[in-house]
Amino acid sequence: MKEKIFKIAPLWIQNILISVFNLLAYNKRYGGKYKSYLKEYEDYKNFSLEQLKEVQAKKLALFSAYVLKNSEFYKNHYSPSVTHISLKNLEALPIVTKEHLQKYTETMRTIPAAKGVKSQTGGTTGKPVEVVFTKNNMQERFAILDTFRGQYGYALGKRTAWFSSKKIVFDKDVKKKRFWKTDYLHNIRYYSSFHLKADYLYYYIENLIEFKPAYLSGFPSTMLEIAQYGLQHNISFPENTIVAIFPTAETITPEMREIFESFFKAKVYDQYASSEGAPFIYECVQQKLHIQLQTGVFEVLDDDLQPASQGKLVVTSFTTQGTPLIRYDIGDQIALSDEVCCCGDHNPVVDKILGRYYDFIYTPTKRKVSLGNLTAMVYKTKGIVKFQVVQNQLEKLDISVVIDKAVFTKNDEQVFLQNWQKLLEDKMTINLKYVTDIPTEASGKFALIKNNIKDA
């Protein structure tokens, strides 16, 4: 009923409704203990690595004691001899998977869903998972996020363009070439991630220039299409408008970063967390990624589940008391670095976030071609709005491509295919199909790769 009322309401009422909805949500996020959490995490900026490790050990002890007392799942998941959890015995405990989270979510929780704050994963890789945060944990997570964004002057109320999964644009808006709605109370304009057709991208850019946001935040795949269109059509985005770009929810590559910074004329500052409640990794003023030890424990493991400098990420998150995550295989990969950063943050440095296990194409020789390699394809080929690769067989790829007919030529097609052959090295059949649109997932994210043989 609420959705129907919103859909048929006049634009000015829709904007008011969005503002009211946000006001209610922000009262929960920024009320309670938020300010004390914000001060706590601001103070951690001055801690040495040894002090941060001490904080991590103490938080792990408190968090695990709470979980062992209140979570039926974890009581049964561990042997009776596990009476406490520390950094010394953590790696001996069994790993929790997404399947555990789906199957045992009720017994895993420590509070009823009605008493917490619900959060749902996007479901781009299968069935969505719903977790529940305590209200305190939700306020703490927003304080952590705002500690990161605050380094670049961001605060709630600063003019922000947000690219997310909100379904706020309808047929009547499309007819008027209007792909956004505005929360005037908090200075946020929400841009639809579901209408990124070549015919519409100009209107996104035109409105962004008119709106003059100080910050961009949201799905990088959405911002990428807008930036690519602008560069290919020689549109000049005004300088000194945007202070910082905060991508969320998807992995970004160096090629994507270069496109963003070239068109929007602003620096990208990345951060990593998750809908399930993963601990945080975020980028400093030197654009180096730092693990935030005060938010959780990060284990990087190889295929034999042994500690490694690069591999799958297994996390224990201190801000997940509602639906606890202890040694949770989150499905991502990262690479660590030995570098010591000069920014003042003494937390360990991450070389790069590699993304999901399944953000790969597999060749007949079982070589993996990564997401970063694929985004370079767009960067090197003019006139491609977006493309999607589907792998159903080891020897074959189905590639759907949306082109800008005003820019794309037969020569660009040849370059695109030649780059694929160089990238793949192995002999593979490429089925190239031109389409008018490639829809986003229900979550609003765009899946560049759909690997349907990953389990095999």
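A crossing of two helices is left-handed if the near helix is turned anticlockwise from the far one by less than a right angle, and right-handed if clockwise. With that in hand, here's a quick tour of this predicted model. In it, α11 passes α12 in a left-handed crossing, while the crossing of α3 and α8 is right-handed. Below you'll find those two pairs, a couple of helices, and a few single residues to look up.

**Two helix pairs**

- Let's start with α11 (residues 220-232) and α12 (residues 254-264), which pack at an angle of about 55 degrees with their axes 9 Å apart. That angle makes α11 oblique to α12.
- On the α11 side, the contact is made by P220, M223, L224, I226, A227, Q228, G230 and L231.
- From α3, the residues making the contact are Y34, Y37, L38, Y41 and E42. From α8 come N136, Q139, E140, F142, A143, I144, D146 and T147.

- Q139 sits in helix α8, and its relative accessibility is 7%, so Q139 counts as buried.
- Setting aside residues up to four places away in sequence, Q139 touches K28, R29, G31, G32, K33, Y34 and Y37.
- Q139 and K35 are 104 residues apart along the chain, yet their C-alpha atoms are separated by 8.7 Å.

**Helix α2, with two sides**

- Helix α2 covers residues 11-29, so to speak a run of 19 residues. From first C-alpha to last, α2 reaches 27 Å, close to the 27 Å expected at 1.5 Å a residue.
- Its buried residues are Q14, N15, I18, S19, N22, A25 and Y26. They sit on the same side of α2 because they cover an arc of only 135 degrees around the axis.
- A handy rule for reading a list like that: an α-helix has 3.6 residues a turn, so residues three or four places apart point the same way.
- Turn to the other side of α2 and you'll find W12, F21, L24, N27 and K28 exposed.

**Helix α4 and its neighbours**

- Helix α4 (residues 49-70) has 22 residues and reaches 31 Å from its first C-alpha to its last, close to the 32 Å expected at 1.5 Å a residue.
- Buried in α4 are L52, V55, Q56, K59, L60, F63, S64, V67 and L68.
- These buried residues pack against helices α3, α5 (72-77) and α8, and also against strands β12 (296-301), β13 (310-317) and β14 (325-336).

**L417 in helix α14**

- L417 belongs to helix α14 (residues 410-424). With a relative accessibility of 27%, L417 counts as partly exposed.
- Beyond its neighbours within four places in sequence, L417 is in contact with I430 and L432. L432 is 15 residues from L417 in sequence and 8.8 Å away in space, C-alpha to C-alpha.

**Two loop residues with positive phi**

- Q287 isn't a glycine, but its phi is positive, near 60 degrees. You'll find Q287 in the loop between β10 (281-283) and β11 (289-291), partly exposed at 25% relative accessible area.
- L305 isn't a glycine either, and its phi is positive at about 65 degrees. L305 lies in the loop between β12 and β13, and is partly exposed with a relative accessible area of 42%.

Notes: Residues numbered from 1 in each chain as written. Predicted model: local features only at pLDDT ≥ 70, side-chain atom pairs only at ≥ 80, totals over all residues. Heavy atoms only, no water. Helix = DSSP H or I, 4+ residues; strand = E, 2+ residues; numbered from the N terminus. Expected span 1.5 Å × (residues − 1). Buried < 20%, exposed > 50% of the residue type's maximum accessible area, 1.4 Å probe, protein only. Arc of directions from axis to C-beta. Contact = heavy atoms within 4.5 Å. Axes fitted to C-alpha atoms, helices over the stretch in contact; angles between N-to-C directions. Parallel < 35°, antiparallel > 145°, perpendicular 65-115°, else oblique.
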